[in-house]
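I am opening a notebook on a structure that is new to me. My plan is to look things up one at a time and to write down what I find.

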Amino acid sequence: MKQVVTFGEIMMRLSPPLNYRFAQTQNLEITYGGGDANVGASLAGLGVPAAHVTCFPANDFGHAAAQQFRALGVNMDATVYEGDRLGLYFLEVGAGMRPSKVVYDRANSAFANLDPAKFNWDEILKDAGWLHWTGITPAISARTAEATRQAIAAARRLGITVSADVNYRRNLWQYGQTAQSVMSELVAGCDVVVCSENDAEDLFDIVPEPGTDNKFVSVARQVMARFPQIKQVVTTRRKTHSASHNGLKGIFYDGQQFLETVTYDINPIVDRIGGGDAFMAGFIYGSLAYNNPQQALTFGVAASALKHTIHGDINLVTVAEVEEIMKGNTSGRLLR
């Protein structure tokens, strides 16, 4: 397989142990993660050559974050080291009826203030077959949006598949440009998008057609008509029974066929952060490994279901473990 390249911010994650609340803990556990980087690290664990592109401060935290991703098999050679701080986020893990909570501290991070000219995308992508980004990256600053635009343009010149999880985060868009104007230009360069009906309405003012039986197909069809480069629209459906118990399935449309998976019952949830990234990594792996979109979709959802059982942002699973879930082996029976 050719290399999959991801682009985006990596943050330090600080969490109380177990299900402790912020108000009662005296300790915070450190891990690192970010939507795009989580995809790259998950792919590396599945045996796909993966590289991540980002900007870190040239301090111990930046180097520690880079080292963690290198240890997971991600090529970090295109990292730019400049700026003053690493973005942070704090996670309080919920349980039962108490939801998890996230507090961000990422303003003026090194990534937000990156210089787009420092990234030679033709060189970075020379060995790549796939580029993946998320809507979080261009939401951070005008600089990160410009770097994303340049990355997509280079991928198009080189004939590389481009995917995006549009991942609309309303509160991030604070630098004077609207998500609607920025994201439309960027999504126009994509082959595959993760986009729900809510995202399509918020970003592109696309809503299901009146009287439609399948709202997702109606929206996906309109998204593909608006952006003809897009060949596949995928997303997940989550049924939240509680913070500790969810159901999850995947859906897909490619202009001809609508596909869906079985619903995986996830109970108890250990950590749902990174579940969407695990889905996208699994879908990319499945798209590369199988000549079958149904298998690719099912692999993605099975991978995401497994991620919910793993602490941290990154899906530390093997292909064999995901394929066991695809076969219906979800009992969790002890292996000896």
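I began with D205, which counts as exposed because its relative accessibility is 66%, where exposed means over 50%. The model is a predicted one, and I keep that in mind for every value below. I placed D205 in the loop between helix 7 (197-204) and helix 8 (215-226). Its phi is about 55 degrees, a positive value, although D205 is not a glycine.

I stayed in that loop for P208, which also lies between helix 7 and helix 8. I noted P208 as partly exposed, because its relative accessible area is 28%. When I set aside neighbours within four places in sequence, I found P208 in contact with K215, S218, V219 and Q222. I also looked up how far P208 is from H245, and the C-alpha atoms of these residues, 37 residues apart along the chain, are separated by 29 Å.

Next I turned to N108, which I found in the loop between strand 9 (101-105) and helix 3 (121-124). The phi of N108 is near 60 degrees, which is positive in a residue other than glycine. With a relative accessibility of 57%, N108 counts as exposed.

I then looked up a cis peptide bond, the one that runs from N267 to P268, and its omega is near 5 degrees. P268 itself belongs to the loop between strand 16 (264-266) and helix 9 (275-289).

On the helix 9 side I listed G275, A278, F279, G282, F283, Y285, G286 and S287 as making the contact, and on the helix 10 side A296, L297, F299, G300, V301, A303, S304 and K307. Sorted by kind, the residues of this contact between helix 9 and helix 10 divide into 9 nonpolar, 6 polar and 1 charged.

T134 counts as buried because its relative accessibility is 1%, where buried means under 20%. Leaving aside neighbours within four places in sequence, T134 is in contact with G35, D36 and D165.

Last, I looked up what the UniProt record says, and its unreviewed entry places the feature "domain: Carbohydrate kinase PfkB" at residues 1-315. Over residues 1-315 I noted 34% helix and 24% strand, with the end C-alpha atoms of the span lying 20 Å apart.

Definitions and conventions: Residues are numbered from 1 along each chain as its sequence is written. This is a predicted model: local features need pLDDT of at least 70, side-chain atom pairs count only at pLDDT 80 or more; totals for chains, interfaces and linings use all residues. Side-chain values use heavy atoms; hydrogens and water are left out. Helices (H or I, at least four residues) and strands (E, at least two) are DSSP runs, numbered from the N terminus. Buried means under 20% relative accessible area, exposed over 50%, partly exposed in between (1.4 Å probe, protein chains only). UniProt positions are given in the numbering used here, feature names are shortened, and annotations may be inferred rather than shown by experiment. Contact means heavy atoms within 4.5 Å. Ala, Val, Leu, Ile, Met, Phe, Trp, Tyr, Cys and Pro count as nonpolar, Asp, Glu, Lys and Arg as charged, and the others, Gly among them, as polar.
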